[in-house]
Amino acid sequence: MPRKDAARRTGLARALSKLGYCSRSQATELIRAGRVRLNGSVRRNPETPVRLGLDCITVDGGAVAALEKIYLVMNKPRGLVTTASDEKGRGTVYSLLEKADENLPWVAPVGRLDKASEGLLLLTNDSEWGARIAAPATHLEKTYHVQIGTTAGEKLAAAMVSGVRTKDGDFLRAGRGRLLRTGERNCWLEITLDEGKNRQIRRMLAALGVEVLQLVRVAIGPLPLGELAKGTYRRLRTEEKLALDRAMTDLGPQTSGAGPRRSNFSPGCQ
């Protein structure tokens, strides 16, 4: 008897992504090129309904089945973008995977770190899990260490927790913030976001007139970057994956804006 979710319907391009074969955009190209068959028939519509677990999908004659779920943690260096390909010809995080002597299935970045940012980046072929990790509604904290071009760290961290109106009109705020260390001309902050928006820290500091010199993501929920060398990756350990899953289960979906916010500033085919 099929599992309860075995006959769940989804679009053909999305099905290829969910099975870990390729990204949805790559799947769309394959489908439109006539290289994908569903139950023996060529389908050129990426939205063709598929019953996952029941229908047979083939690409270039080869059957596509659910692959082993892969979860990777990478220390992304500055200067790479988190896309499979870039129209501007910039280097991508996939170049780091290609250098490794390992036959990996297709994986996608979980969320993004922009070109100038570095640090902890997750990659996986488990698209549903990755979407939950990245979703603002999950409220899974992401922690960053930020070097800024001023010594007014405590004041700025407090302002970011209170909230900042950006130049494009968005009101953004950090979950927590504190001064890590200071020098003669700059300092380091630790900023934690629980519903990160696109380039949120950079946009907040730009609105406050502060230059970001370096931005490093050092943790996602209970998972720290640790001692992983820059430009390398490893597989997520079983206990780390379970810890992330527990963190998301404990947090659950929350309704934003439900009340006042406290300040957290502290100095198959046959």
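Me: Is Asn-75 buried or exposed, and what is its relative accessible area?
Reply: This is a predicted model, in which local features need pLDDT of at least 70 and side-chain atom pairs count only at pLDDT 80 or more, while totals for chains, interfaces and linings use all residues. Residues are numbered from 1 along each chain as its sequence is written, and side-chain values use heavy atoms, with hydrogens and water left out. Residues under 20% relative accessible area are called buried, those over 50% exposed and those in between partly exposed, with a 1.4 Å probe and protein chains only. Asn-75 is buried, and its relative accessible area is 7%.

Me: Which residue, 150 places from Asn-75 in sequence, lies 7.2 Å from it in space?
Reply: Asn-75 belongs to strand S7, residues 71–76, where helices (H or I, at least four residues) and strands (E, at least two) are DSSP runs numbered from the N terminus. If residues up to four places away in sequence are not counted, the contacts of Asn-75 (heavy atoms within 4.5 Å) include Gly-119, Leu-228 and Thr-232. The residue that is 150 places away in sequence, yet 7.2 Å away from C-alpha to C-alpha, is Leu-225.

Me: What is the relative accessible area of Thr-82?
Reply: Thr-82 sits in the loop between S7 and helix H3 (94–99). Among the residues that Thr-82 touches, leaving out those up to four places away in sequence, are Lys-76, Val-93, Pro-109 and Leu-121. Thr-82 is buried, with a relative accessible area of 6%.

Me: Which residues does Ala-116 contact, leaving aside its neighbours within four places in sequence?
Reply: Ala-116 is placed in the loop between S8 and strand S9 (118–124), and with a relative accessible area of 27% it is partly exposed. The C-alpha atom of Ala-116 is 7.6 Å from that of Leu-215, although 99 residues separate the two along the chain. Apart from neighbours within four places in sequence, Ala-116 is in contact with Arg-78 and Arg-202.

Me: Within what arc do the buried residues of H2 fall?
Reply: In helix H2, the buried residues are Ala-27, Thr-28, Leu-30 and Ile-31. They line one face of the helix, because seen down the axis of H2 they fall within an arc (taken from the directions from the helix axis to the C-beta atoms) of 165°.

Me: Which elements do the buried residues of H2 pack against?
Reply: On the other side of H2, Ser-25, Glu-29 and Arg-32 are exposed. The buried residues of H2, in contrast, pack against H1, strand S2 (36–38) and strand S5 (57–59).

Me: How much space lies in the largest pocket?
Reply: A pocket is an open set of points, on a 1 Å grid over the protein atoms alone, where a 1.4 Å probe fits and protein lies on both sides within 12 Å along at least five of seven lines; its lining residues have an atom within 4 Å of a point. Grid points are joined across faces, edges and corners, and the volume is the space filled by probe spheres set on the points. For the largest pocket that space is about 690 Å³.

Me: Which element gives the largest share of the lining of the largest pocket?
Reply: Helix H1 (12–18), helix H2 (24–32), strand S8 (108–109) and helix H4 (127–134) each supply at least two lining residues. The largest share, 5 residues, comes from H4.
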